[in-house]
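Here's a quick tour of one protein model, written for someone who likes to know the cut-offs. Have a look at it first, then read on.

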Amino acid sequence: RPWPEVTPRPCPTRPSGTILPDCAADLGELHAYPTADGSFSLQSDRFGEAFHNSAGARNEAEAKFAVPAQLDRFQDGTPLRVLDVCVGLGYNSAVVLEALPTPAPELNWWGLELDHRPLDLALARQDFRSSWSASVLQVLEQLRDHGRWDYERCRGKLLWGDARSMLGQIPARQSFDLILQDAFSPQRCPELWSEEFLAALAGRLAPGGRLLTYSRSAAVRASLRRNGLTLFSLLPAPGERPGWSSGTMAVRPGPPIPDAGPGWRGLSLMEEEHLHTRAAVPFRDPSGADDSAAILRRRSMEQDRCSLEPTNAWQRRWRQDSTGCSR
């Protein structure tokens with residue numbers, strides 16, 4: 001069937017009275033497309049990137065967020081606290097909700113999102129709606145309509161706006177067991193991969209808390225390590241082309257965690273060496289308000305001045321095993 005183009009439209013006033021940002025300027029035009037697992041995703045004109053890889057939107061969400069989260073850790077009644085950065089179509093939180101153990105733990109969820117249209121579009125599609133249980137669908141609908149949900153022992157709140165400033169709206173005492181970091185890639189959206197923003201996320205992790213992301217960027221990993229987190233490499237999602245890494249799990253020291261587990265493994269020597277190349281120079285945003293051009297320009301200047309190994313030398317050394325290092 002045809003996959004419709006989503007054109008910009010004014011942001012409505014939600015029933016809660018919250019005025020949403022000028023969404024037409026946030027992600028630009030959005031284009032829907034099918035993925036190999038039967039789920040659908042979107043392409044953003046502004047960022048020039050898709051929300052998911054073509055192997056499958058739901059497959060990617062499950063493999064990179066639900067599986068390495070190891071949610072059975074919370075089946076003993078331990079409360080679960082989740083932060084979803086860039087909620088988008090809602091896949092990441094939805095797969096986590098679907099994978100909760102029985103009985104479900106007490107859940108405190110927060111979400112950050114700039115543009116309401118991806119969630120609106122997803123919930124307008126019957127194929128998307130029919131892929132979730134009634135309880136998860138209810139949560140997504142409540143987020144769309146009211147920006148929050150609260151029932152039984154589960155509650156959540158979605159904050160609309162620039163994630164850099166919205167993160168500060170979450171009470172300072174609130175820490176998280178899981179942070180799902182799914183912004184557009186660092187070269188396209190460096191604002192949400194800066195040393196400062198990643199430090200703020202790392203500071204919100206509880207002992208043993210896990211930050212999960214599709215990104216394998218050396219700059220991102222180096223920033224997370226400097227902020228005290230232990231790094232692991234994510235395994236490919238079903239149908240995804242195998243590469244030297246499919247993402248990152250960064251863990252706040254706490255209970256012991258094995259070098260390999262469901263969906264992850266330790267960093268290889270190749271990945272460790274990547275963290276000592278110019279690719280590891282961080283994205284810096286000291287004001288927390290710079291645009292992408294300023295952040296990228298600052299990083300380029302720092303890379304030109306640094307004494308780290310050129311990244312192309314690292315690539316040549318590992319060429320026979322490497323599939324690239326962009327993401």
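Axes here are lines fitted to C-alpha atoms, for helices over the stretch in contact, and angles run from 0 to 180 degrees between N-to-C directions. Helices (H or I, at least four residues) and strands (E, at least two) are DSSP runs, numbered from the N terminus. This is a predicted model, so to speak of local features takes pLDDT of at least 70, side-chain atom pairs count only at pLDDT 80 or more, and totals for chains, interfaces and linings use all residues. Residues are numbered from 1 along each chain as its sequence is written, and side-chain values use heavy atoms, with hydrogens and water left out.

**The big picture**

The protein has eleven helices and 13 strands. Of its 327 residues, 55% count as buried, where buried means under 20% relative accessible area, exposed over 50%, and partly exposed in between (1.4 Å probe, protein chains only). Take the contacts (heavy atoms within 4.5 Å) between residues at least 6 apart in sequence: 70% of them join residues at least 24 apart.

In soluble globular proteins, nonpolar side chains tend to be buried together. Here, the largest nonpolar core has 84 residues; such a core is a set of buried Ala, Val, Leu, Ile, Met, Phe, Trp, Tyr and Cys residues joined through side-chain atoms within 4.5 Å. Phe40, Leu83, Val85, Leu107, Leu112 and Leu201 have the most contacts inside it. Leaving out residues up to four places away in sequence, Val85 touches a list that includes Leu112, Ala163, Ile179, Phe197 and Leu201.

The axes of helix 2 and helix 5 (residues 134-146) come within 10 Å and cross at roughly 145°. On the helix 2 side Ala94, Leu97 and Glu98 take part, and they meet Val136, Val139 and Leu140 in helix 5. By class, that contact has five nonpolar, no polar and one charged residues, with Ala, Val, Leu, Ile, Met, Phe, Trp, Tyr, Cys and Pro counted as nonpolar, Asp, Glu, Lys and Arg as charged, and the others, Gly among them, as polar.

| Residue | Phi | Relative accessibility |
|---|---|---|
| Gln70 | near 50° | 23% |
| Cys86 | near 70° | 18% |

Gln70 lies between helix 1 (57-69) and strand 5 (80-85), and counts as partly exposed because its accessibility is 23%. Cys86 lies between strand 5 and helix 2, and at 18% it counts as buried. There's also a cis peptide bond, from Thr102 to Pro103, with omega near 0°. Pro103 lies in the loop between helix 2 and strand 6 (107-113).

Gln174 lies in the loop between helix 6 (163-166) and strand 9 (176-181). Gln174 is buried, with a relative accessible area of 13%. Beyond its neighbours within four places in sequence, Gln174 contacts Arg81, Asn108, Trp110 and Arg204.

Ala63 is in helix 1 and is buried at 11% relative accessible area. Ala63 and Ser246 are 183 residues apart in sequence, yet 9.6 Å apart in space, C-alpha to C-alpha.
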